[in-house]
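Subject: Handing over the model, with notes

Dear colleague,

I am passing this structure on to you, and I would be glad if you kept it open while you read my notes.

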Amino acid sequence: MIPKDHPRYKSLIRRERIADAALKGIVAMEGVGAHGRGEAFDYLIGERTTQSALLAEKTAAALFLNAKNPVISVNGNTAALAAEEIAKLQRASGAAVEVNLFHRTEKRVRMITELLEDAGADVLKGESERLLPLSHDRALCLRDGIYSCDLILVPLEDGDRCEALVNMGKTVIAIDLNPLSRTAKTSSLPIVDELSRALANMTEFCTNLKKDEAEQLISDYNSRSFLESAVKDIVENLSNALD
Ligand code: ATP
Ligand code: MG
């Protein structure tokens, strides 16, 4: 048991969730490594939502509310860390939820689907087809889901797939704590924040955002400036770290 008064309680709980999910086969071993990279970047940014990430989350909510066919793409790490937050964002945004895995097996797809459904999400089902311009199983998705969506949220995505989705003309919102990753750099809107913090904020904004403000946010945003702010926040945080 992790003591509740531990100063890094939330981070340790997330690590424990990833470890449990890896033992069950929900998270791939590669996903354990990816989580570690995320933890490191969260430490560097101060384990908090920065002002600029909050603005990115508000902008993401505006894009969701404006989309015709929004989809939330869920992988093993996302389901293990934030199945409930995904279900809540789905309810607030009206988006579809599709399971999409880099290390894909039918058994993992089934386990992740069950985890999401137990948390209250409504998960798209059907016959996956090789519809994305990528080699290997990363190309698989549903024709009525990711393939035909106009907006896709990709938490913890691989850079190649993010780029392929952007090239298909989709608005791609990435949640990735590493502002240097290809995912963050190629996405239409990078949210440099921890997954569960980002999802909770987006849900709140989806519930409260007014139409006028949403339109303003969409016309004003600049994806590059979110990356620049994140790097600046990390540098500032590091320069004060030993004080
Ligand atoms: P690319 O440069 O192609 O995007 P990558 O090496 O970043 O590749 P992955 O290892 O698949 O690709 O990426 C996982 C990403 O997810 C990492 O950048 C990591 O920082 C981020 N990440 C991991 N856990 C979390 C989390 N809980 N919240 C937000 N981001 C996370
Ligand atoms: Mg990445």
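Predicted model: local features only at pLDDT ≥ 70, side-chain atom pairs only at ≥ 80, totals over all residues.

Residues are numbered from 1 along each chain as its sequence is written, while chains are lettered from A and ligands numbered from 1 in the order in which they are written.

The names of helices and strands also need a word: they are DSSP runs numbered from the N terminus, with helices (H or I) of at least four residues and strands (E) of at least two.

Let me begin with the ligand. There are 18 residues around ligand 1, where a residue is near a molecule if its C-beta atom, placed from the backbone, lies within 6 Å of it, and those that come nearest are Gly 38, Gly 159, Asn 178, Ser 181 and Thr 183. The elements that give two or more residues to this shell are α2 (29–45) and α7 (182–186), and α2 gives the most, with 5 residues. By class, the shell has 7 nonpolar, 6 polar and 5 charged residues; here Ala, Val, Leu, Ile, Met, Phe, Trp, Tyr, Cys and Pro count as nonpolar, Asp, Glu, Lys and Arg as charged, and the others, Gly among them, as polar.

Helix α2 also has a helix for a partner. Helix α1 (residues 9–24) packs with α2 at an angle of about 170°, their axes being 9 Å apart, where axes are lines fitted to C-alpha atoms, for helices over the stretch in contact, and angles run from 0 to 180 degrees between N-to-C directions. That angle makes α1 roughly antiparallel to α2, a term for angles over 145 degrees. Ser 11, Ile 18 and Ala 22 of α1 make the contact with Met 29, Val 32, His 35 and Glu 39 of α2, two residues being in contact if their C-beta atoms, placed from the backbone, lie within 7 Å. By class, this contact has 4 nonpolar, 2 polar and 1 charged residues.

In helix α1, Asp 20 is exposed, because it has 12 other C-beta atoms within 10 Å, although Asp 20 and Ala 80, 60 residues apart in sequence, are 8.6 Å apart in space, C-alpha to C-alpha. Ile 13, also found in helix α1, is partly exposed, with 14 such atoms within 10 Å.

Ala 34 has its place in helix α2 and is buried, since 20 other C-beta atoms lie within 10 Å. Not counting residues up to four places away in sequence, Ala 34 touches Asn 77 and Leu 156.

Leu 156 in turn sits in the loop between β5 (151–155) and α6 (159–167), and it counts as buried because it has 25 C-beta neighbours inside 10 Å. Its phi is near 50°, a positive value in a residue other than glycine. His 136 likewise has a positive phi, near 70°, but it is found in the loop between β3 (129–130) and β4 (140–141) and counts as exposed, with 10 C-beta neighbours inside 10 Å.

Two further helices remain. Does the length of helix α3 fit what one expects, or what span should it have? The 16 residues of helix α3 (residues 51–66) should span 22 Å at 1.5 Å a residue, and its end C-alpha atoms are 23 Å apart, which agrees; the expected span is 1.5 Å times one less than the number of residues. Among the buried residues of α3 are Ala 53, Thr 59 and Phe 64. Thr 59 counts as buried because it has 25 C-beta neighbours inside 10 Å, and, leaving aside neighbours within four places in sequence, Thr 59 is in contact with Leu 189, Leu 217 and Tyr 221.

Helix α8 (residues 195–208) has 14 residues and reaches 20 Å from its first C-alpha to its last, close to the 20 Å expected. Its buried residues, including Leu 195, Met 202 and Phe 205, pack against α3, α4 (76–93), β5, β6 (171–175) and β7 (189–191).

With kind regards

Conventions. Parallel < 35°, antiparallel > 145°, perpendicular 65-115°, else oblique.
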